[in-house]
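Good morning, everyone, and thank you for making time for this.

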Amino acid sequence: MKAPLYHQNEKNTLMKTILSILLILTSFFSIAQTTVSGIVTDTKGNPIEGTNVYLDGTYDGASTNAKGAFSFQTTENGTQTLVVSFISFETFRKTAKISALNDLKIKLREDVNTLDAVTINAGTFEAGDNAKVTALKPLDVVTTASALGDFVGALQTLPGTSTVAEDGRMFVRGGEANETQFFIDGIRVFTPYTPTTNNIPSRGRYSPFLFKGITFSTGGYSAEYGQALSSVILLNTIDEPIQEKTDLQFMTVGVGVGNTQMFGKNSLSVNASYINLAPYLELFPDRNTWKDPIQSLNGEAVYRFKFKDESLLKIYGAFSYTDFDLIQENINFSNGFRFGLENRNLYLNGSYKNNLGNGWKIATGLSFTNDHSNINIENDEVVDNENSAHIKVAVKKRFSNRFKLSFGGEYFITNFNEDFNNNSNGAFNYNFNNNLAASYVETDIFFSKKLASKIGVRAEYSELLDEFTISPRASLSYKTGESSQVSLAYGRFYQNPNNEFLKFYKDFTAPNTSHYIANYQYVKNKQIFRIEAYYKKYNDLVKFNTEMPLPTSVYSNLGSGFAKGVDVFWRDNKNIKNTDYWISYSYLDTERDYRNYPVKATPNFANTHNLSVVAKHFIKSWKSQVGFSYNFASGRNYTNPNKDINGFLNEQTKNYNSVSLNWAYLLSQQKILYFSVNNVLGTENVFGYNYKNTPNPNGMFERQAITPAADRFFFVGFFWTISDNKKDNQLNNL
Amino acid sequence: MKKVITFIVFVFTIQVSAQTQYDKGMNKAFELWGANKTTKASQLFERIANAEKENWLPPYYAATIEIIDAFKIKEEPKLIAKLTKAQKFLDAANSLSPNNPEILIRQALLNVAYMAFDGQKYGMSMSMKNAALYKKAFELAPENPRVILSKAESDMGAARFFGQSTKPFCKSIQKAIDLGKKEKIDIKYYPRFDVNRAEKVLKQCMK
């Protein structure tokens, strides 16, 4: 009995062993192998090699071969998600029973969000490092020789701008300076330029270092923006500072200091500067007689707070004070013409951005401006006070990469008050409230990577004019080749008349323009070429019947005009080593009948031909960057009564030429010495002529050329950054 | 006895198969990378990252390969597409392991790829970002040889750009090498210090 028992025992053990082995084997074999296979192509059926095909959350997958085919074994079962991903295509997902994931034919859609997709760009130049096509790079604003660290000066090297050097503001495509509006983080800036007088160019009020990107639209812009007949300039402030630091600036014209502090989710940047031209004018006297040379005190602060949900609150405040008093030579005033100004300006801008999730984004903002000027003109004293505010809510919804919707509403408030005091005639007061409500809706549609469009409409209601306007906007872009595209844009734009009219008369309708734009762009390998043709029609411009707008003038909206032309831009950072250059050319043909024009004429702020050449060259062994810019503009119209006593804008000045140079020398990564000379050749440019009101005994009107206050301008500055981290450098201030 | 063995074999098999999948995947990916099959290696890391949702290493390596590849790209659209992809991996790694010095210096390398492509365009913002990244990495791991080397290399790049001597940074590189030789790593597949490469960098620095 023993034996069988033993036997049985042995058998038992053997059984168990076999069972175990079987178990192990089944643990292998129960993992049945399934084949997942298929072919991946683009929408046209061309195979895509190298796509990553896998079952989500598993290790099982493969790459497609040259024929776009893939095949791999998997031990997974049940329902699985197959993922097909490849760079610059939208990721494909399919959830199905594993057995169904076989012999698949997968078409990947191109990702329209990539850099090589078509962009809607008619009329627009971008500056900054997250633009798709960057016309101006962040450093350009501060390293362009002629710009003198002013972002407005840098934008004037782009096509579509006229050279009105004695004014300094933006004159875009035959438009007046006030036809261009500025926005900071989508919120209107009511007084973007520093105050000045005849013949002394103004500058942009805001420091270029505050902005991470600038968009300059010369026409056909989005329905989000209104109250600009010609152009909008969008400035986006930096979302968060990178590190704590202190900047010091010592310049021939003044001093500046900046400091950035970060504490937790908060950050605060403060900048202050004091400019006084007295010492400079002592060394290099100009043509004016200064009673008080220009001095200005500017302070800016930005506070940012990042909430837990990544939403962002920014509060930006700027205060500036400027005063000067001077006597300018004037042919009609034997003792010269006196102009004194004291201006203070406060600007507050608060904005809040939040991602609501599910493709929804909201941005709200509020700005307030108080601008107060005390002006002395000969014997008149004028006190202007303007309070303006802008409230805006903008919502964006992304339905997919291919369809986006944006809409919003805004309200503008302007309250203007002027007290006018004349020694002999007494005192007058003029004031008005110019309030305006607007809303817009716009869609971005990508039909494919090659074809996209933006269609929008904007509605405005002006309380002052009691007028309701509708402005349609549309643009379309088509990619014609790997590196080229064509775009078309159309839009209608309304803008209420200027303060200079509204303070005397209110029964206007809003002047308006229609833009028609066609653009061709070629971008390849650090080279940009673009050419744009446009036609702009002006309607309902303000006319009046006196020498200057007066309370007694007769006003109407019977003015009209047009501007047409071609803008060409070429930038190349490739062909010449360590050299970056761009060339802008604008051709402009414009005429208008507005203000007190007796006939239709080309206004005196328009030049037919404008050319800018800007070049920068980095010399390593000198630790220097040298910059050059050349600006040419054909002559501008002026009225010559000697030619024809009834003539109007009947003659042209000689051409404008100016060569500027700059040199930035890096003492160390944190210290920079900067020199620049504007109009280094000292070309005597003439902007126009003032004629005497009365003829001399020979029946001739004597004249005086309008020229810059000084032919050349020199600038020397030393910039120093102090931070914990030695790597931060003055390149920012270069 | 046999039962015990069987049992052990059985248990061991299960354990091996459980461990193998990650190890096999990682080893295979490193092998592909070593054989210069970077696309396949990166794709495998991407798949592992999708399977191992708690582990920051696979997305970290997927990003690393994409970033290194980006330095060879001459066309901006491709560069941005590639670095955007790398950024997604890094973001994934970062959310799994926040305040990780290894990920911070990888982010700095990604930013360098932008700067190397177009210094005029990207230099200003990226150099500031990197300064902040290195500051943070140093606070977290002042003795990490990779952090020290990466910062030294970045400083050398800036010094060369400004035509200055790289000598002041050689000491840091030597320090990184010394620390790197001593370093003991107990996490599998944790980034290692490449002494050979560091020595080459040191030689360039001395020049």
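Predicted model: local features only at pLDDT ≥ 70, side-chain atom pairs only at ≥ 80, totals over all residues.

Residues are numbered from 1 along each chain as its sequence is written, and chains are lettered from A and ligands numbered from 1 in the order in which they are written.

Let us take chain A. Its secondary structure comes to five helices and 40 strands, where helices (H or I, at least four residues) and strands (E, at least two) are DSSP runs numbered from the N terminus. Along the principal axes, the C-alpha atoms of chain A fill a box of roughly 155 × 55 × 45 Å. Of the 734 residues in chain A, 38% are buried, and a residue is called buried if 20 or more other C-beta atoms, placed from the backbone, lie within 10 Å of its own, exposed if 12 or fewer, and partly exposed in between. Among the contacts of chain A with a separation of 6 or more, 59% are between residues 24 or more positions apart, a contact being two residues whose C-beta atoms, placed from the backbone, lie within 7 Å.

As one example from this chain, strand β14 (residues 245-251) of chain A pairs with strand β15 (residues 254-263) of chain A in the antiparallel sense over seven bridges, and pairing requires that DSSP finds at least two bridges between the strands. A hairpin joins β14(A) to β15(A) through two residues, and Q249(A) stands opposite G256(A) in β15(A).

Now for chain B, whose secondary structure consists of nine helices and zero strands. Of its 207 residues, 44% count as buried, and 54% of the contacts in chain B with a separation of 6 or more involve residues 24 or more positions apart.

How do helices α4 (residues 76-96) and α5 of chain B cross? Their axes, which are lines fitted to C-alpha atoms over the stretch in contact, with angles running from 0 to 180 degrees between N-to-C directions, come within 10 Å and cross at roughly 170°. That makes α4(B) roughly antiparallel to α5(B), since angles under 35 degrees count as roughly parallel, over 145 as roughly antiparallel, 65 to 115 as roughly perpendicular and the rest as oblique. The residues of this contact divide into 10 nonpolar, three polar and one charged, with Ala, Val, Leu, Ile, Met, Phe, Trp, Tyr, Cys and Pro counted as nonpolar, Asp, Glu, Lys and Arg as charged, and the others, Gly among them, as polar.

Helix α5 (residues 101-117) of chain B also meets helix α7 (residues 145-161) of chain B, with axes that come within 10 Å and cross at roughly 20°. That makes α5(B) roughly parallel to α7(B), and the residues of their contact divide into five nonpolar, two polar and two charged.

Finally, consider T39(B), which lies in helix α2 (residues 38-51) of chain B. Is T39(B) buried or partly exposed? T39(B) counts as partly exposed because it has 17 C-beta neighbours inside 10 Å.
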